[in-house]
Amino acid sequence: MKLFYLICILILIGGLSFAEGRLLRGRVTDAESGHGLVSAFIALEKNATTSDSLGFFTLELSTQARLLNVSLVGYEPAVVAVGSMPIDGLIDIRLQRRIMVVSDAVLISAKRNYSDSQFSAYSETVPTALRTVKGLAMVRRGSFAEDPSLRGVDGSKLGVTIDGMKIFGACTDRMDPVNSYVERENLARLEVSKGAFDLNRGQAIGGTINLVTDRPSFARRISGYSEVGYESVADYRYGRSVLNIARDDLALRGSFSFRQADDFRPGRRAPIENSAYAKYNFKVDVSKKYVGHQLDVGVLSDRAWDIGYPALLMDTSKARSHLYHVGHVWKRPQSALHMLRTKLYFSRVDHWMDDMERDVGQREVMPDMHMPMYGQTHTGGLIANALFLGADSTLELVVDWYHLRSFADMEMTSKLPEVPDMYLLNLGDVRRDHFAGAVNYNRAVFSTVEWRLNMRFDLARHDIHDPLGRNQLAATWGYGELAQRYATLSASTAVAYMLNNAAEIRLSVASSARLPTQIESYGFYLYNPTDGYFYMGNPTLRPERSRQVELAIRYGKERRRLSVSCYYNQLGNYIVGVGSGSVFKHYDHSDRAVIYGFELEGEWPVTEHVMLHLQTSYTHGHSADFAEPLPAIAPLDSRIGLRYERSQYGAALGMRRVGEQTRIASQTTLEDSTPAFATYDIYAHWRFIEKTNLTIAVENVADRFYHEHLSIANLPSPGRNVRMALHREF
Ligand SMILES: [Cu+2]
């Protein structure tokens, strides 16, 4: 440590004493460790050099040179404005270590950075922000709690976490996907990793979505924002506030929001009955810094009620979640073990649904029967990360453990007096212990090649504990099959080749596994609206397997960006419903399914203030067993947008065109073809007073009536929507 300071002082003195008018001197260092970086490439227009073994460099300074470009494999490239630098001193250039990023990040940040490359700054809710990700589509069951589908894989086959913490929805009909328990003001960004290439956060077949929450900031004593808004399509109104207080080494961040919507109107039609909802959310985090340490404690709480699901048989009367965590971060910038992070968490989710508000005499499924249902999950877990920094490599070790308890039951009360009431246990106290260890190794192999190896080992056991639940399943599968153990190994590796400072080509391959969920293993008598069958779990299921390959090309120079990726995903032991009686199915393995597709995204500056944005994605799914397309595959989806940005105001025009989907799974589901459609959106924002921003948007300007292919029961999408939001920072 002393030596380090000594070197720093020597460098400063040295830098100052050797200062000359025509020479630019500097040092390139690792931003985390402070070590000098050898062989960094430093370019000042036509002049270029590389740094020496201690990171120092000297460069001749031409008169009008402005921007210094610094690049080194394994680090984020940096651009330093020389004009603003004291050229008689020593320029300190700190490079951020680049761990090969395998996920797309969507910024949600409270700061509302309108110049973000995506239109996410205009997104009101978490689902609308998710929809901006190419290759991601949303399954709609109502106007609440849309459920993501990534590259043709949806529902429980995807891993959705909050800061890496596992939390499980309590609804057996997927009315409460994990993202329904967070709000926009909770989040800093969404990390979407497609395919099975990022195994740090969980098992992956289709991908993982990590909802990264905003942390308390130590920067200012008091800061935050308040926002109110209104949307015409559902008389939607909301308010949200964030308050951050910091004092010395203690910081607190609290947020609260309330939102409520009435029935929404699809294009040129009357409102869809029973599609309203109301919810509130709060989150409080406290962080305390010690020398080299930080302690974090937090709670995230969400409650929603009176939620209508027009596409389902039932509605949610109440949904509630609590997530508590305690975390500790230890940092040692000068040592090989750079960071140690541990987090303990506990979550509880409660879900009540019923059909009391509905005319059950008219329905085809279970007529004249009310079926109120209750579900609950408890999850407790531990995540530990250790980060080691080597000279040209990084190593991350992850331990990920959780214990899940899951319960769901249903009463069946007939309106006909001669039919006796019944009780049904849908998930009879299912308990699972899941332990995983992951290794993520990044290495700069040559000056232009980076290599990443990510491996994950999962060990799990689960069983059903309620005697009634055991009897129900044992009748089919036998008592001996109820308790199960699993051990799986997943691995992915990627090689990135830097063609030059602006372009990269990357090849990734992965072999991964996914354990069956508690519903796939132990669910009992659960109605699935996509095929009209009642499902029974199968405790004898084996893990689903996937083999994938992806080729991606990225180009980025100044404000121009282009990325193309093509992927191929071969799934084995694919878990699907297989008919076992007139209206019954059980979960079983299908032999082989294949999903492939591509995604493309580009940005091009038309003028200094106008940006053109393009994106398109296509997914193709095929089931070899049923010799037909896989169900619920989103069709070709293309977007084009023009964005105009000034410092005080901005505007955007967007068009989205979605092709028809005629590739449907007619043997296994009730899905039908979906016609093509196009929608147009207009956005504008104006900072009319310092720190106060007004957003006005018109979505689906033409008031088009349409539905997405992934909408359950062809539930239409909203019609013309006028949105307004007033945002005030302090
Ligand atoms: Cu439900």
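Trainee: How many bridges join S29 to strand S32 (residues 544-557), and in which sense do the two run?

Mentor: Before the count, note that this is a predicted model, in which local features need pLDDT of at least 70 and side-chain atom pairs count only at pLDDT 80 or more, while totals for chains, interfaces and linings use all residues. Residues are numbered from 1 along each chain as its sequence is written. Strands here are DSSP runs (E, at least two residues), as helices are runs of H or I of at least four residues, numbered from the N terminus, and two strands pair if DSSP finds at least two bridges between them. In this case 12 bridges join S29 to S32, and the two run antiparallel; Arg-514, for example, has Glu-544 in S32 as its bridge partner.

Trainee: Which strand is joined to S29 (residues 503-514) by eight bridges?

Mentor: That is strand S28 (residues 484-498), which runs antiparallel to S29, with Ala-494 standing opposite Ser-508. S28 and S29 form a hairpin, with four residues between them.

Trainee: What should I expect of the side chains along a strand?

Mentor: In a regular strand they alternate between the two faces of the sheet.

Trainee: Where does strand S12 (residues 159-162) pair in the parallel sense?

Mentor: S12 is joined by four bridges to strand S15 (residues 207-213), and these two run parallel, Ile-162 having Leu-211 as its bridge partner in S15. S12 also pairs with strand S13 (residues 165-166), here in the antiparallel sense over two bridges, and Thr-161 stands opposite Lys-166. The hairpin of S12 and S13 has two residues between the strands, and Asp-163 in the turn has a positive phi of about 50°.

Trainee: In what order do the strands of the open sheet with S9, S10 and S11 lie?

Mentor: The order is S9-S10-S11, with antiparallel pairing; S9 (136-139) and S11 (153-154) are the edge strands, each pairing on one side only. Strand S10 (residues 147-150) pairs with S11 over two bridges, and Leu-150 stands opposite Val-153.

Trainee: How many residues of domain 1 are in contact with domain 2?

Mentor: Domain bounds come from an automatic or database domain assignment, which gives domain 1 (2-95) and domain 2 (104-729) for the protein chain. Nine residues of domain 1 are in contact with 11 residues of domain 2, contact meaning that the C-beta atoms, placed from the backbone, lie within 7 Å. The centres of the two domains, taken over C-alpha atoms, are separated by 43 Å.

Key. Contact = placed C-beta atoms within 7 Å.
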